[in-house]
Each structure stands twice: as structure tokens, then as C-alpha cells.
Amino acid sequence: MGKGEKEMTLEQDNKQDVFVKGNSMEQDVFVREYFVGVDLGGTKMLAALVAYDGSIIAREEIPTLAQQGEVAVLDRLGNLIEGILAAVPGSRSALRGIGVATAGTLDTANGVVTFATNLGWRDVAVAAVLSDRFACEVRLENDATAAAVGEWLAGAGEGAPDCIFVTISTGIGGGIISGGRLIAGVNHNAGELGHISIDGNGPRCLCGNVGCLELYASGTAIGRRGAEYVRRVAGGDGDAAGALTRLAGGDPDRVDARLVAAAAAEGDAEASGILREAGRALGIGLVSILHLLNPQVVILGGGGFAHRRAAPRTDA
């Protein structure tokens, strides 16, 4: 399947009928309601058609192509939503709302992405664009916060009044549940765990801080370090026969976190070292979080855990 192609997944139809009691002059009726949930990431975006009871009816994923700019991305997102609605007859007219989860600093009250490093966006009115197109209510929420609530209600954190969710993907984000409630902060932007500084002398992040955890342990950081190594090999410094260089075909532009993980799984020493350094940085950040918040459960998730096979040790 090509990079720009899309794949539709239709789940078993467990749609929920909502019972509405009529008055004395009307019959009781059943109204079918649908919602769309969107995960808008820096690398890919996914939309799911969801029934009233939370069951997933259809879902579809395509590349984000953030480099094309916010207008093109939001148009593609609209087309993505149109696609899953078209797959289920009657869902468009019964659409009651759209929830968009994405990373960055958000104005959730107005549905605006104020600043998102992974997308390169500033002041993008996501909710207004989608609301105009689909004529329904649109809510915007931080992706890690939304994931934290989901894990708390029906996932790895279910039943734990104090838990933290950390997502490692293109960037690093988080969500905090404390005392059985979400910690949102004054502007609903609490939980930006990827921007905890773990090195006061480190490089400057796009957020303005220096030495952010995200610069060391995110998928972007892993891919960047892998690309730097392949570039050095091309200059005569490194193992030209190693798995990382071979899988990249000698082209640093082809290197991402997935390729580094694949090379590490083959025993590539450089790739394994990159993953261990990212893990060490993540551990430093997590220790700070544990001391600060004292959670009962810490949940790790995100695209960075797509490859769960441990990198083999090469220093034993």
C-alpha cells in the first residue's frame, strides 16, 4: 500500500439505539446517534466512527503530511471523516459531534491549536473549520489528556484514582489523573510532560525551553539520532555494513524511529545504543514525575511502543 493510500476498517456493527420517550400524542422512537473521534498526530491521523455506547463502527488512517500546511491537512482530515461516514449508511445525518485529540498548546474553549511543534501550527481554528463542514459540535482536546482519560475509565488505569499516562510518539505528552479527577490546569494545558527539562545545558526546544525530555526520548529524537549516524557513515565514520545503514539504503532521509527499532532488533549496536539512551532520558523524566505526583499507576503508550521487542545489549 502506497504512502498516500488509506485503509478502512469496519468493525462489527454494535451500534447503540437511544430510546426517546414520546409524549401522549406521539409514539416512542429509537434514535441512532454517532460520534467521530479523531487522533491528529504529526505523522498520521486516524478517525473512528463511534456509537453512543462507545463501540467503534469504522476507522481509517492516513498520513498527516504536516509539511503541506494547516489548510491542506484540515481538508484531508475532513475528507477522512467523510470517508468513514460514507462507509456506514445514515451516519452522516445522525452525526452528533466530533472530538479531535492532538498535541500541543490548545485553547480548548474555542477549539484552537495555539501552538503545536509536531505540526508546525500556530493559532489554527480546528473546531471552527470542522464545525462549518459537518454542521455539528466539535471539541478539541490534548491527545495525551484524552488518552489518559480513556485509560483511566476503561484501560490500564481503570480503578486507579491516581494515575499518569505518558505517550511517546512523534513528541512526548502526558495526562494526569489525581484523586479521581483530571488535572487540567488554568488553561487546560497541564500534563505537558515532554517539556520537562532534563538537561539545563541541552539544546533549545521549539517550545522555548532547553533540554526538554522530548528532545531526547521521542520518536523524532530517535529518528534524528539514527539519521545523524547514517550521515556520518556516508562520510566514512561508522559501520557501513550495519543493519541501520543497510535498512536505510545509506540514505539518512529514510531513517525514522521505526527503522532504528528494526535495526536494533537485528542486533545493530548503534541502533541499540540510540534506544538505550532514549530509554535513559525517559527514565530520568519519569523519576521526576513520580516524585512530584506520587501516582498509583504509570501508563506508557503511543507510537513509540509499536516495537516492543527489547534492544539487545552489546556491552555484556
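**Reading the structure: a dialogue**

Tutor: Leaving aside residues up to four places away in sequence, R139 touches I98, G99 and V100. The structure is a predicted model.

Student: In which element does R139 lie, and why is R139 called exposed?

Tutor: R139 belongs to strand β11. Its relative accessible area is 57%, and the term exposed applies over 50%; R139 is therefore exposed. The C-alpha atoms of R139 and A127 are separated by 6.4 Å, and these residues are twelve apart along the chain.

Student: Why is I56 called partly exposed?

Tutor: I56, in strand β6 (residues 56-63), has a relative accessible area of 34%. Buried means under 20% and exposed over 50%, with partly exposed in between, so I56 is classed as partly exposed. Between the C-alpha atoms of I56 and F35, 21 residues apart along the chain, the separation is 9.6 Å.

Student: What makes the phi of A135 worth noting?

Tutor: Most residues other than glycine have a negative phi. A135 is not a glycine, and yet its phi is positive, about 55°. A135 sits in the loop between α2 (126-134) and β11 (137-142).

Student: How do you know whether A135 is buried or exposed?

Tutor: The relative accessible area of A135 is 71%. The cut-off for exposed is over 50%, so A135 is exposed.

Student: Where does N294 lie, and what is its phi?

Tutor: N294 is found in the loop between α8 (269-293) and β15 (297-301). Its phi is positive, about 50°, although N294 is not a glycine. With 63% relative accessibility against a cut-off of over 50%, N294 is therefore exposed.

Student: How do you know that β8 and β9 are paired?

Tutor: Pairing requires at least two bridges between the strands. β8 and β9 (residues 112-116) have three bridges, in the antiparallel sense, so they meet the requirement. Three bridges also join β9 to β10, again antiparallel. F115 of β9 is the bridge partner of T105, and F115 stands opposite R122 in β10.

Student: Why are β8 and β10 called edge strands?

Tutor: The open sheet has three strands in the order β8-β9-β10, with antiparallel pairing. β8 (105-107) and β10 (121-124) each have a single partner strand, so one side of each has no neighbour in the sheet. On average, neighbouring strands of this sheet are turned by 15° against each other, direction ignored.

Student: What is found between the strands in the hairpin of β9 and β10?

Tutor: Four residues lie between the strands of that hairpin, in which G120 takes a positive phi near 75°.

Student: What makes a set of residues a nonpolar core, and which members of the largest one touch the most others?

Tutor: The members are buried residues of nonpolar kinds, including Val, Ile and Trp, joined through side-chain atoms within 4.5 Å. The largest such core has 37 residues, and V36, I81, I98 and W121 touch the most other members. Helix α1 (residues 70-87) provides the largest share of this core, seven residues. Apart from it there is another core, of 16 residues, including I222, A227, V260 and A271.

Student: Which residues does W121 touch?

Tutor: Not counting residues up to four places away in sequence, the contacts of W121 include L40, V73, L74, V113 and F115.

Student: Which residues of helix α7 are called buried, and what covers them?

Tutor: In α7 (residues 257-265), the residues L259, V260, A261, A263 and A264 are buried, a term used for under 20% relative accessible area. Their cover includes α5 (219-234), α6 (243-248) and α8.

Student: What makes D256 a cap of α7?

Tutor: A side-chain oxygen of D256 lies 3.3 Å from the backbone nitrogen of R258, at the N-terminal end of α7. After α7 comes G267, with a positive phi near 95°.

Student: How many helices and strands does the protein have, and what share of its residues is buried?

Tutor: There are eight helices and 15 strands, and 41% of the 316 residues are buried.

Definitions and conventions
Residues numbered from 1 in each chain as written. Predicted model: local features only at pLDDT ≥ 70, side-chain atom pairs only at ≥ 80, totals over all residues. Heavy atoms only, no water. Helix = DSSP H or I, 4+ residues; strand = E, 2+ residues; numbered from the N terminus. Buried < 20%, exposed > 50% of the residue type's maximum accessible area, 1.4 Å probe, protein only. Axes fitted to C-alpha atoms, helices over the stretch in contact; angles between N-to-C directions. Contact = heavy atoms within 4.5 Å. Polar contact = N/O pair within 3.5 Å; in protein donor to acceptor, adjacent residues only side chain to side chain.
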